[in-house]
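Thanks for coming. Please have the sequence and the model open.

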Amino acid sequence: MSQSSMHDDRELTSPSRTVILVGRTGNGKSATGNSILGRKAFKSRASSSSGVTTTCELQSAVLKDGQIINVIDTPGMFDFSYGSELMRKCINLAKDGIHAILVVFSVRTRFTQEEEAALRSLENFFGSKIKDYMIVVFTGGDELETNDETLEDYLGRGCPQPLKAILTSCHNRYVLFDNKTKDETKKAKQLQQLLSLVNTVMLQNDGRPYTGDTSPELQIESRLKEATSILEQKLAEEHAARLEAEKNEQKISNDIIPQLAAQVKEAKKESDKLHKQLAEARDNPWGRILRDRLPWCPYL
Ligand SMILES: Nc1nc2c(ncn2[C@@H]2O[C@H](COP(=O)(O)OP(=O)(O)OP(=O)(O)O)[C@@H](O)[C@H]2O)c(=O)[nH]1
């Protein structure tokens, strides 16, 4: 047996795996965590303020093969008010480091500019290492099934460029989850697919988990990048708001200008008619008499 395979075997038989769930609020992080653990450990709810995850939480389960799985649920990536300090706390919950970073997307929602900005901030936070640890989890497998679509169909019909780039950078490590299914075989299969990707990540990183330990210089750099990314997002939002306002202004002028032009045309027609009548009146003998009698009247 080669040195590396001995190493691999040792790592793969290691009793525990720790994964962290990150992604946009409502993409299904908590629901995915529950599917992995096989019980309702995290609160997962449709967008009501009480269901939104605002803290980090670690929950564990012993899988059928005796392996321990630790899952860390995190607040939604878009809520910058929680800041990166909270994310650092989330990472610190993993005493022995993180074996895989699960980036959760939902096939039920559009990939927006916000999602792109959140991904950038994720990259800034974890650093370039993120691609070595990342696995993309798509939730909403049931909806694809309802539409008779596979994940490949979904990705094929116009996968946004930033998402494509992410999938390429993590060597297409992605998996589809249906967090609503009651089918035990399906549950086991999707979990198995995910765990096998976690093993691949562990092998590729020589068993070294992500610990978030970075030099002070890198930490400063990462904070700077994070601040820049937040500013960029704010600028993008303002730009979008300005474009929207301009569009509305344009719409108003597009509606009003033809109305005003019609009114001017009508007024001009009326004025031409009056001028004509006036000219006729001037030529009229009675008009001439009146003009002589009333020289001060401007209309004669
Ligand atoms: N149909 C369907 N709905 C899902 C799936 N996964 C999650 N959901 C629903 O999506 C909504 C949001 O799920 P959560 O797990 O609370 O999302 P989250 O990312 O943890 O949200 P935060 O806690 O706010 O960060 C809930 O109504 C879930 O039931 C899925 O696979 N299929």
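Cys56 and Cys90 form a disulfide, with their sulfur atoms 2.2 Å apart. Keep in mind that this is a predicted model, and that the distance between the two sulfurs is computed from it. The link is left-handed, with -75° about the S-S bond. Where do Cys56 and Cys90 sit in the chain? Cys56 is in the loop between α2 and β2, while Cys90 belongs to helix α3, residues 83-92. They are 34 residues apart, so the pair links distant parts of the chain.

Are these two cysteines buried or exposed? Buried here means under 20% relative accessible area. Cys56 has 17% relative accessibility, so Cys56 counts as buried. Cys90 has a relative accessible area of 0%, and is therefore buried too.

How many disulfides does a search of the whole structure find? The search finds 1. There are also Cys159 and Cys170 to look at. Cys159 comes out at 11% relative accessibility and therefore counts as buried. Cys170 is buried as well, because its relative accessible area is 0%.

Now the sheet. It is open and made of 6 strands, in the order β2-β3-β1-β4-β5-β6, with mixed pairing. At the edges are β2, residues 57-62, and β6, residues 174-177, each of which pairs on one side only. From one strand to the next, the twist averages 25°.

β2 pairs with β3 in the antiparallel sense, over 6 bridges.

Which way do β4 and β5 run relative to each other, parallel or antiparallel? Strand β4, residues 100-106, and strand β5, residues 134-139, run parallel and are joined by 6 bridges. Phe105 has Phe138 in β5 as its bridge partner.

Two helices pack on this sheet. Helix α2, residues 29-37, touches β1, β2, β3, β4, β5 and β6, and its direction makes about 170° with that of β3. Helix α8, residues 161-169, touches β4, β5 and β6, and its direction makes about 130° with that of β5.

When you trace a strand on screen, remember one general point. In a regular strand, side chains alternate between the two faces of the sheet.

Key:
Residues are numbered from 1 along each chain as its sequence is written. This is a predicted model: local features need pLDDT of at least 70, side-chain atom pairs count only at pLDDT 80 or more; totals for chains, interfaces and linings use all residues. Side-chain values use heavy atoms; hydrogens and water are left out. Two strands pair if DSSP finds at least two bridges between them. Helices (H or I, at least four residues) and strands (E, at least two) are DSSP runs, numbered from the N terminus. Axes are lines fitted to C-alpha atoms, for helices over the stretch in contact, and angles run from 0 to 180 degrees between N-to-C directions. Contact means heavy atoms within 4.5 Å. A disulfide is a pair of cysteine sulfur atoms within 2.5 Å. Buried means under 20% relative accessible area, exposed over 50%, partly exposed in between (1.4 Å probe, protein chains only).
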